[in-house]
Amino acid sequence: MTKQDIVQFLKAQLGKGYLRHSEPIPGQVWVEIRPEATVQAVELLHRQTDARYLMSVGSDERELKDRFGVYHLFTFDQQHFFVTLDVSADPKKPRLPSITPVIAGANWSEREIRDLLGVEFDGHPDPRRLVLSDDWPQGVHPLRRDFDYSAKPPSKPENAYPFKDNPPGTTVVAMGPYFPVFEEATYFRLYVEGEQVVDVDYRGFYAHRGIEKLGDASLTYNQIPFIAERICGICGFVHNVSFCKLVEHASGITVPRRADYIRVIMLELERIHSHALWLGVAGHIIGFDTVLMQTWRMREPIMWLCEKLTGNRKTYGMNLIGGVRRDIPKALVPEIRKKIQAMDKEWRAVLDAVKDDTTLRMRLEKVGILTKDQCHEWAAVGPVARAADLPMDARKDHPYCAYDAVDFKVITADSNDVWGRTIVRILETIESFKIVYQSLDALMELPEGDIITEIREDIPAGRIAISAVEAPRGEDVHFLLTGGDNRPYRWRVRCPTYPNLPTVQVMVKGEQVADVPIILGSIDPCFSCTERMEVCDVSTGSIKVYSQEELFNWTKNRRERFETV
Amino acid sequence: MFRIVATIGILLFLSPLIEGILRKFKALVHSRIGPPLLQPYWDILKLLGKDDVRSPHSLLGPLPAWLSLAALLAAGLLVPLGTTAAIAGGDLFLFLYLVGFASVCTMLAGMDSGSPYAFLGMGREMMTSFVVEPVLFIALITAALKSHSFRFADMAFFQQVSGTSVSMIISGAALLLALQAQLSKLPFDIPEAEGELMGGVFAEMSGPTFAMYRWGFIVKQVVFALILTQIFFPWPLGLTGAWAVAAQVVKVLLVAVLVGLVDAVNPRLRIDQAIGYYFGVILMALVGLVFALVGA
C-alpha cells in the first residue's frame, strides 16, 4: 500500500469521521480525524494494513488551536513512511476514546497523557497512575503549558498506589523498587504460587526527570541535544541523533556526508559496547559471571576508543544540530580499525562458546515467550521483535545518517524466547563491526573538516517532525512540534524500553520465579530512558574534583556561550 | 583431647585459606586479579565486628547459625584427617545426622526471618536436600558395604588394603557430582540465587550470625572434600606423616579447584532442572550400590 492508498482507504472507510490529510515532511503523512472515529481508524490501520503502532503523543495546544492534540503514530516499515492520526480533545473537558482495547501497546502512552496533560481516555482498561508519583496531587498536570517547569505542588502522601489484589492462594514476592540484578529503580510485584508466577503488577517511573518539560519550557534547540544525550547512560547518543534529526527535518537542512558517517560510527560503537554490556549483564543475572567478566573486558577497549574519539567514554557530546562537533581525522582510522578487528575476533569466539553451551541453553530456551502476534499487539521493538521473526530495524525501514549507503543484514530469529534475543544481539554486533569498517572506508575518501551545516534562519513555529533511530534496544522514536521561541512546543521521546517493558507482564505469567530476572533482562531494559531523568553526577577530573555547585555554575556559563553562537 | 582441639583449629583457621585460593582461581578464569588470598579471613572478621541486625519476627535469633557451625565442626571431627580421625569411633550415621542437622538449621533460619525471599530460598534448600542428601547416604552405604563397617576409619582403610572396585569408583563419582550442590556452588546455588532471591535464606542475615554461616560453608567445603578424597579416592597409598598431610592438602585443593571451575563456567539452573539432574545422580549412586551388593 502506498501513502495515497492509505489515505484513500481511511477516507473511504471513515466517511464523516475523516477530516483532512497533509504531508508536512516527505514520508510523514498526517491524517486529521474526528474523535468518534479514533477507535475505528486505529482498528483499520492495526488490523487491515501493515501499520505498526509506535506511540501516542499528547500536546497542550490550547494557546495555538484551542484544543488538546493527541497524535497516534504508526509506521509502515516496508514502505518507509509514517502515518499520524491527529485527534482533537475539548480544551475544557478533554475526553477521548481509548485505543488500548484495540492495541495493548497504547496502554502506557494513554496513561502518560492522562497523567501529564489530564486528557481522560474512555474505556481504558487500567486507568491507574503511570508517571506521576504517588504523592502528586490529583488534577495537577505538569506537562500543561500553564504549569511552570520549576513549580512544586504540595505533597499528598496519603495516596497509596492501588496495586492489584492477590489472586487467591498466592503470595507476593517483590522484585524492586531496588533489586540486585536491576541496576535501576523499578518494581515488579510478583504473585507467586510456590515457584510459579501467577500474575504480576508493575510500578515504575520512580525517578521521572521531566526532561521533555525542560525541552518545551526552558532549553533551546541547540541545548537540547546535550540533555537528550543524558536521557540514557548507555544509548544516549541515539537520543541525541534522534533529536538532531528532528530539528534537521523540521528546518530542512542537509547534514554533510562526513558527519553522517561519523554519526554512524558513533552509533555503531554504542551498539557494540551496549550489546557487550548486555551479554555480560545477562550472564550475571543467571549467575554466569565468567561471561560478565570476559565480555566487559572486551568492551573496555571500545570505551577507551570512544574516549579518544569524543573526549568521553560515554555521553559523547559529539552531536550538534546540522552535524558533529569533532571530526575523526584520517590518521586515526587505522587505529580504530585495529581496535574493532581485535574485538571482532574475540566476539566471534564468544559466539562459538555461547551457542554450544548446554546449561546456558537450558536456562534461556523456551523462556519468556513473546510471539509475533503478541509483539504486534504490544508494539514491541528491537531484538525482542526480531527474535519473533519480525525483521524491523529503523536503519533499514527509515534510513537516516549514512545507513542507506552501508551494507548490513537485519538479524532475526524465530524462537520467540530469551535465547533468540541473545543470539540476535550477538550476531547484530558482528553486523555492527561490518558497518564500522565500511564507514571508516568512507571517511578515508571524504574530505576532512566538512562536518557541520549551520542553520542560518529561525525554525518556524508549528512544524512537525518524527524521527526513528535504531538504538541497541530497539527503535527510538522522537516527535517534535516546533514552537516559536527557538525551542520545541512539544518534544516527545519514546525510547525502546517504553513499549518493551509492558511485554514483561505477558512474558513472566506462568513462568518460574527464577526466570523472571532473565526475562526482564532479555528486553535489555533501560529505566532511565523510560523515566527521562537527569542524573547530576560529580565529574571527576584527573586532578580536580568538581563540586555540584561548581558544575552548576559552569553549565550556567556554558549556556550563555551557546546562546551567543 | 588435643587431636579434637587441633582438628577444630585446622578446620576453622585453615579452611578460609582454601576459600581464598578458590577465589583467586575463579578470578583467573574471569581475567580478574581477584581479592587478596587472605580475604575470606578479613570477611569473617569484618562480619564478626558488625551489628547483628535481625528481623523483628525472629524467634530463634542467632541460635541456628551457631548450631549449624557447631554441627559442621563436629562432623569434621569424624572425618579422617591425615591418617586417623579426631574421634576414631565416628560412624557414617552420626556424620549424616550432623550434616543434616546443619542444613535443617539453615532452613530454620530462613523460616525464622519471615522474609519471602528467605522463605522461597528455604523451600529450594529443602528440595535440594531431598535429592542431594540421598546421594551422600547411598555412596557412604556402598563404602560401608564394601568395608563391612560403618566407621569412617575402616572405610578409609578399605581401598588401601583391598584395592579399588567398580562400586567405589561409581559412588565416588556420584558424590563428586553431588558436591556442587552440597556446597551451594553454581550451577546449583539455587537456594541463595543472588539474582532472584537476593541470597535466599541469608537475605535477612547480617553481622556475626551471617559470619557463622559463611564460616560454616567454608568448613563444610573442606569436610566434604576430605570425605570424598579419604574414602573414595585414597591414592597415593602408603604415605605417612608429613607426606600424608601434604598429599591430603593437595587433594582437597584439587577438589576445591574442580568445584570452583564448574562454578565459574556454568549459569545457575532452575530448581526443577536441578532436581531432574540429581535424580540422575541418585540413580548413578544406586547403580554403585547394586554393584557393591553383587560384590563388584
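Which domains does the domain assignment give for chain A? Chain A is divided into domain 1 (3–147) and domain 2 (211–534), with bounds taken from an automatic or database domain assignment. The model is predicted: local features need pLDDT of at least 70, side-chain atom pairs count only at pLDDT 80 or more, and totals for chains, interfaces and linings use all residues. Residues are numbered from 1 along each chain as its sequence is written, while chains are lettered from A and ligands numbered from 1 in the order in which they are written.

The centres of domain 1 and domain 2 of chain A, taken over C-alpha atoms, are separated by 26 Å. Their contact takes 22 residues from domain 1 of chain A and 23 residues from domain 2 of chain A; two residues are in contact if their C-beta atoms, placed from the backbone, lie within 7 Å. On the domain 1 side, strand 3 (52–61) of chain A is one of the elements that each supply at least two residues, and strand 3 of chain A gives the most, with six residues. Helices (H or I, at least four residues) and strands (E, at least two) are DSSP runs, numbered from the N terminus.

An open, antiparallel sheet of chain A has three strands in the order 13-14-15; strands pair if DSSP finds at least two bridges between them. Strand 13 (464–471) and strand 15 (488–494) of chain A are at the edges with a single partner strand each, so one side of each lacks a neighbour in the sheet. Strand 14 (residues 474–482) of chain A pairs with strand 15 of chain A over six bridges, and A:Val477 has A:Arg494 as its bridge partner in strand 15 of chain A.
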